[in-house]
Structure formats: structure tokens, C-alpha cells
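Okay, thanks for coming, everyone.

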Amino acid sequence: PTRSCRYGGLVFHQLRAFLIYVDGGSASRAFPAGFDNYRKALLQNHQIFLADNGWMNNLTLQKINKFYSQLPLHMKTEGILYEAMFATQTVRDAWLCNGNFAGSLGTSKRGFNVFQTQVGDSREQAFPNDTPNIPPSFDLQMTVTRHEVAHQFDRIIYNRADSRLKDMKTMLTAASQGNDDSWLRSNVGDSYFQGAPQEIIASQVGNQYLASSSSQLRLAATRLTKSDNWTPPTYQTVTEGVPTLTRENKSCASTSKQLGTVYTAQECVDRAMNDSSCSYEIMYSTEYSYSWGCYCCQPFDALSCPSEDALYNDHSLWDVYQYKNTDATPECDGTGLPLSWFLFNVEILTPVGSSITTFFENEVDGEVITVEALITRDGDNNNGIASIDLPFCDKIDFGYDTATGIVNSVSEHASSCTFSCQDDENWSLTTNTGKKYFCSWVANKPQKRCQKVGDNGQRARSVCLQACSMC
């Protein structure tokens, strides 16, 4: 039988859990073998008991250890480990026997499951296409781990005596209703989040913020300011029911219906005229209509801030025909809700009473770089975040609508804020004698000085990125 069908691993798993409890959380007896050093480190350093039936390879274990080491402490104590000695991270599929699972992996009050995939096996894109300078896709195993861990962060907002973050989530969820672009993960959509609010933090923090915080900032800032340079699509006045070639060598980016095989553009229009799901345009190929058929195009009012580039793609074998006039007018109203959600995420990542938050950047092979940023607060707007000062983007200011509490302004350079590996020229460390040291001083002895905490509370290793060889 396969390893999972012998059930010895399941017995060993429960024995390990028993030893952990008996030993007060210690990993020394539960993981005595040298080949389990990474699993031992997960428990000893981060109180994560990995139940993977020995499946994960060393690279995956190394990246998961690194991920937990980068999380701010309060994310663990208030979220992952709340009221528990340890949390159990399972890979349930690694325990299946002939497609079935027999037994229990639950060993603690806190636990979550991840996919049976190794770091490097596959990747997934978490950001929608309108993200400026969209980052490369992210490692799937680490994306799933970040997502499932972020589910645990809900406890941070619901268990605090101060209901500010809970009230903020409730307000933003209600304000976002009916518009996919209100959500940072608009590719998942409003209907999903309204029906499954427990996925909001897991998806927008776990899949995006913990993978590329600055990309989320760019996306959110662009959604607010996108109307500034917007050029709407134009449409002709045509004879209804007659195909008028309006966009040669173009295809529709989105279609609403396939109308079947036709041999002329007029035949395609005739079918579209009799189909209520069609709007005012069709996509037809003179050369391949007998094989490809023809399509009704998705109307522009299905998109926020529709543009030629968003609606149509270059294609040498397709043409777009307009056969009806439209009374609708393309509209483009920027929304501050994505920025409000972004700042909500920043709030979750910021310890109570602290002016330092954490950005996660530049994932390579499943591993990110953490950067510390300084925040200031606006006492006149529910103590909301007034600015974020990043080593690689300078200070970014935020303004709020005083009636709704939703962000209504942001510094212009926020939509182009992109991570770069550089030292923060504003970081300094002042000695008792009044002498100031900077990142250049850290670079002379990085092993010793990268752990130093500067005058503003930031660790050198989190802002002196080049000096500490962080990227």
C-alpha cells in the first residue's frame, strides 16, 4: 500500500501533537530527527505544527518558514495563534488513501489547510489587468498559504475591544456593493465578496498585499484618478439593422453571445437583431465565418471607464461592425473605495499604537522582501492614515470625504509607486553623543548593523535594502 494507506503517519502525527502539549509547546521531542529540521523550526520559532505527512520538500519548507518569520508579531498573537498554543497547517490531500481520507488531523484550536503543491510547481496572478506595471504571477503554494493564513486575520478586527476596524470593514463592504471595481480583487468580483465576506481579508490581504503591497497601492490609486486621462470610445450614427464596418482588423475584448455559423455580416446582424442579449456591435470574420461563426460584442457600459484598448484588440482576421445606435454615454467616475480597502489592509498590518507598518514586495521563487514604512494619522478623520512614507516612493498623502470616510484624494505619484531595491536616505541612528549614522554606515558591517533600530523605530534591514543585501 502507499504511504498514506499504511496510517502509520497519522499515528505519528497524533503522537507528535501529544508530545507538543506535554512539553508545553516545545518541538525538541516531537521533531528529534535531523531531516525534520524545517518542520521543527516552524513549531519552535512560529508555533506552526505542519501536518503534511512528510510530503513538502525542503525548498517549500524553507519558503514557508521565511513567510512566517516576516509577519508582524501581532498578526500571530491576535490572529493565527489567538488563544492557542500552536496552529496546525495541514496538507490534507497528502493523507488521502485511494481517494479517501480516514482519521483526524485536528490537533489545536487554530488550523487551516493548503494545497498539495510544491513551491515552483505553478503560479497564479492575483491582480486584475488594470494594475499599472502589473507584477509577474506569484507562486501558487505561497499564494494559497498566504490566503489561508490571512483568513486568521479576521480575528484581529473582531476580537479587539476597539471596534474601529470592524466598523470600517462593514462600511466599506456596504459602500462597495454593486461595483466590481470597488474591490481590489475586481477579478473575483462584488457578488462573491458580498456573499462570502469571510473571503475579503483572505483574498485582498493574502493574495495581493502580502505578495506585492506597492502593486496594490498602484491599482488602488489608479482606480481613484483614472478619469484624469481617460479617452472614451466613439461610435457612429448608423442605419439600424445594417452592418457598418467601424473597426477594421479589430476583435471585441469581451463577447456576450456566439451566434453560430454565418456567411455574411448581414446574416450575423439579422441574428443579432433577433437576440435580446446582443447590444449594438458584432464581431465577424470575412475569411473564417464559416468556421468561427460570429459574435455579439459586450457593450461598453459593462465596464467602468471603457476605452478603445479595453474594448477592442488588434486582430488581422476579425472586424467589428455597428448595427444599432446607442443612447448610452460612456462614463468614467473614479472611486476611492479601492484606496480605502488598501488602507484598511495597512491598518491590519500595523500594530496598535505603532507608526510603523510593513510592505511585502518583489516575490522571487515564493519569497518576498519586507519593507518598513512610516505612517501618520489624521485625527480629524477617525484617526485614519494621513500619509505613508516609503523608502522607495517617498511620502504619499491621503485625503478623506468627511461625510463618508472614503478616500477622495491621493498623491499623484502613488499610481506609479513601484518597489526598487535602494537605501532610505532618511533613515538615521543617533548615538548618545549626538553623532548620526546612515545606511552607508550600516553597509560597512551589515551582519552586525542591519539589526539596529533607527531614530524613527525602523530596523535598518527593512529600509537599508542595498546595504543589507535584502534584494
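Before anything else, one term: when I say contact, I mean heavy atoms within 4.5 Å. And some ground rules: this is a predicted model, where local features need pLDDT of at least 70, side-chain atom pairs count only at pLDDT 80 or more, and totals for chains, interfaces and linings use all residues. Residues are numbered from 1 along each chain as its sequence is written, and side-chain values use heavy atoms, with hydrogens and water left out.

So, let's start with Leu303. Leaving aside neighbours within four places in sequence, Leu303 is in contact with Ala310 and Leu311. You'll find Leu303 in the loop between β10 (295–297) and α14 (308–311). For those labels, helices (H or I, at least four residues) and strands (E, at least two) are DSSP runs, numbered from the N terminus. One more on Leu303: its C-alpha is separated by 9.0 Å from that of Glu331, which is 28 residues apart from it along the chain.

Okay, zooming out. The protein has 17 helices and 19 strands, and the C-alpha trace spans about 80 × 70 × 45 Å along its principal axes. Of the 471 residues, 51% are buried. If you take contacts between residues at least 6 apart in sequence, 65% of them join residues at least 24 apart.

Now a sheet. As a reminder, strands of a sheet pair through backbone hydrogen bonds, either parallel or antiparallel. In our bookkeeping, two strands pair if DSSP finds at least two bridges between them. Here 3 strands form an open sheet, ordered β1-β2-β3, with parallel pairing. Which strands are at the edges? Those are β1 (48–51) and β3 (110–113), each pairing on one side only. From one strand to the next the twist averages 20°; the axes behind that are lines fitted to C-alpha atoms, for helices over the stretch in contact, and angles run from 0 to 180 degrees between N-to-C directions. Between β1 and β2 (residues 87–90) there are 4 bridges in the parallel sense, and Leu50 stands opposite Gln89 in β2.

Gln118 is buried, at 10% relative accessible area. Its side chain reaches the backbone oxygen of Trp55 at 3.1 Å. Not counting residues up to four places away in sequence, Gln118 also touches others, including Met56, Asn57 and Asp139.

On to aromatics. A pair of rings is described by the distance of the centres and the angle of the planes. Our rule: rings of Phe, Tyr and Trp (its six-membered ring) pair if their centres lie within 6.5 Å, and planes under 30 degrees apart count as stacked, over 60 as edge-to-face, the rest as tilted. How many pairs does that give? The count comes to 23 aromatic pairs. Take Tyr235 and Tyr280: the centres are 5.6 Å apart and the planes are at 80°, so that pair is edge-to-face. Tyr235 lies in the loop between α11 (213–225) and β6 (244–247), and Tyr280 in the loop between α12 (265–273) and β9 (281–284), so the pair ties together parts 45 residues apart in sequence. Tyr235 is partly exposed at 21%, whereas Tyr280 counts as buried at 7%.

Another edge-to-face pair is Phe342 with Phe359, 6.1 Å centre to centre and 75° between the planes. Phe342 is in helix α15 (residues 337–349) and Phe359 in strand β13 (residues 356–364), 17 residues apart. Phe342 is buried at 0% relative accessibility, and Phe359 is buried at 0% as well.

Last stop, β13 itself. In β13, 7 of its 9 residues are buried. It runs antiparallel to β14 (residues 367–378), joined by 7 bridges, and Thr357 has Ala373 in β14 as its bridge partner. The hairpin of β13 and β14 has 2 residues between the strands, and Asp365 there takes a positive phi near 55°. That's my tour, thanks.

Conventions. Buried means under 20% relative accessible area, exposed over 50%, partly exposed in between (1.4 Å probe, protein chains only). A polar contact is a pair of N or O atoms within 3.5 Å; within protein, one must be able to donate a hydrogen and the other to accept it, and residues adjacent in sequence count only if both atoms are side-chain atoms.
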